[in-house]
Amino acid sequence: MPAAFVPFATFCDTTFWNEVNKKKLNEWMLDETPKDIYAGFSIYDTVGAECRISLSYESLGEHSSSSYKGQLSLWNTLEAFKKLDRTSMIKIYGRKIWNSIKSGEWLNDVRTLFYFSFTAFADLKKFKYVYWSCYPAICYPPDIEHNSLVLDDPKPLLDYHFSTGEVVFILAGDSCGKLSRLSEFSSSDQVSLVIADPSPVESTCGWPVRNLLAAISVYRPDWSTVQLISLRGSSKCFSHIFSWRQVETPAECPAVVGWERNVQGKLQPYSVDLSTQFDPKKLMEQSV
Amino acid sequence: SVAEKFTPVLKESKFRETGVLTPEEFVTAGDNLVHHCPTWSWARASDPSRVRSFLPENKQYLITRNVPCHKRCRQMEYDQSQEKILTSMEVGAEEGFAGDEDGGWVDTHHYNQETGSSQALELGQEMNEDDDGEEEALDLDDLVESGGLEDPDPNRFVAASNKPTSEVERPRTYDLHICYDKYYQVPRLYLVGYDENRRPLSVEQTYEDFSADHANKTITVESHTSLDCDMPTVHPCKHAEMMKRLLDQYAESGKELGVHEYLLLFLKFVQAVIPTIEYDYTRAIQL
């Protein structure tokens, strides 16, 4: 079966925008340079057909083991937000990930594969926000096929994930270990990769698996298959076998996709009006 | 709140006598909830000034995200009032809640007969609203991409859609927060909703998901104990009394409920206020 991957969907709660309001007014002001941002995910979701990403007040500060690091680009004008050359942007993000893959950086810091971008415009007078996330996925290796089997006992894997905070690790025999130990194995049937998978769709892996497969196929050009366990907390865990067509590793980054689509499947930014939550005038009216 | 500021922290365990909790007991019950239902997790205050010293810094409140809510409360009421006439109509798939109002602490008269007649029309309208739910607050027309932004992507998962209406496929979702209310000495539930298009719900929209009996009385909008934000919350003034009554019911049937199970029971009882939010409390505790 040709492989499918469940895309990300961004959920920003009011505490996130509240934090953006405060930082923009007091700290960043007109500074448009990108800021670090952390997006939470959960391996317990069983609802919907997207990998849910949560942005909250924590996103601009702390990060936890269940978050991805990305970059927030907050523009001063709606014009600037609209004018962004998103085709070039995603290529730049893709190259960044591709560099991590080529250099082997991902083996020590796997979150570099899951890098994302959050572009936004915040109208702090009207409390209206426009935003559009990009979760770059490298379309590589070619012709990925996929089969899956239910995994019997994921408990030791969950324990390892929670005790170490590692989002990708390896399983060889009965023991888990750091991803960087992948080099110890010469054949793809000696080792499984385990990924904390935010996909809520049973037996279908989430978006982050794509860049992981790209990384493995570049790291081990002699492999054309890999075993990958999609680790979930609330639903069944599956062990997947992905296989692909072996080709010579391209010098340049292959095609990249990942601008978020809306619920209708269109490539389009989101807009949200929080004036009833934030506007002091409206709040006054409500409380009367 | 001011009253809360001047209320001393409850030190002695009184939960069996009066249904209240000490902060330590709240932490014990929270740990147990997280252990049994790992979709819940502890969270920190949004900034150091909001840290409440009587709770551990990393256990200021509990949070769970992405709880689905497939229908509005009035739709559920509609099912009920029309049940005899419209047995063949598959109006709602989730009947589980309606049958669960045992225990004597749920008001059942909120199935208001008067609203029945106009409901069919309203439901139709709502679906239309959902379909064009993308009205843009800001002019983004020139941003809409009709292709060209990205190469086609055959590996993107698309849910098979065999259901015609949008509502079933795209539920509202809620984040639930449980804080400790120092004044009432009980847990307090806050709710953050998202619409079908993943945007935060306004307070008014949130009211659609509370049972009519509670929407204007029990639900208030108040500042979160640990975050710089106002949110709808189930007012805790009756919580201790309710919990006491439930604990007594337990005792009568010969079961002793430990304080660590308090939050599991608490979630079952707040379900009465927010009946359409499909929090799976059944897994948590059996009454």
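I started with salt bridges across the interface of chain B and chain A, and the rule finds six of them. This is a predicted model, so I'm reading every value here as computed from it. The one I looked up by name pairs the side chains of B:R198 and A:E260, with N to O at 3.3 Å. That sits inside the 4 Å cut-off for a salt bridge.

Next I counted polar contacts. Between chain B and chain A I get 19 residue pairs, both partners at pLDDT 80 or more.

Which strands of chain B supply at least two residues each to the side that touches chain A? I found β2 (61-69), β3 (172-181) and β4 (186-194). Of the elements there, β2(B) gives the most, with four residues. Sorting that side of chain B by class, I noted 21 nonpolar, eight polar and 18 charged residues.

Then the extent of the contact. I have 47 residues from chain B and 58 residues from chain A taking part. The two chains bury about 4,900 Å² between them. Carbon and sulfur atoms carry 56% of that area.

Helix packing in chain B was next on my list. For a packed pair, I write down the angle between the axes and the distance between them.

First pair: helix α9 (residues 239-252) and helix α10 (residues 262-270), both of chain B. Their axes come within 11 Å and cross at roughly 110°. Crossing angles of 65 to 115 degrees count as roughly perpendicular, so α9(B) and α10(B) get that label. On the α9(B) side I listed B:H239, B:M242, B:M243, B:L246, B:L247 and B:Y250. On the α10(B) side the contact uses B:Y262, B:L265, B:F266 and B:F269.

From α3(B) I wrote down B:F26, B:A29, B:G30, B:N32 and B:L33. The α10(B) residues are B:Y262, B:L263, B:L264 and B:L267. The tally for this contact is seven nonpolar, two polar and no charged residues.

Last, backbone checks in chain A. Where does a cis peptide bond turn up? I found one joining A:Y140 and A:P141, with omega at about -5°. A:P141 lies in the loop between β6 (128-138) and β7 (145-150) of chain A.

I also flagged A:F127, which has a positive phi of about 60° although it is not a glycine. A:F127 is in the loop between β5 (116-123) and β6 of chain A.

Definitions and conventions: Residues numbered from 1 in each chain as written. Chains lettered and ligands numbered in written order. Predicted model: local features only at pLDDT ≥ 70, side-chain atom pairs only at ≥ 80, totals over all residues. Heavy atoms only, no water. Axes fitted to C-alpha atoms, helices over the stretch in contact; angles between N-to-C directions. Parallel < 35°, antiparallel > 145°, perpendicular 65-115°, else oblique. Contact = heavy atoms within 4.5 Å. Buried area = accessible area lost by both parts, 1.4 Å probe. Polar contact = N/O pair within 3.5 Å; in protein donor to acceptor, adjacent residues only side chain to side chain. Nonpolar A, V, L, I, M, F, W, Y, C, P; charged D, E, K, R; others polar.
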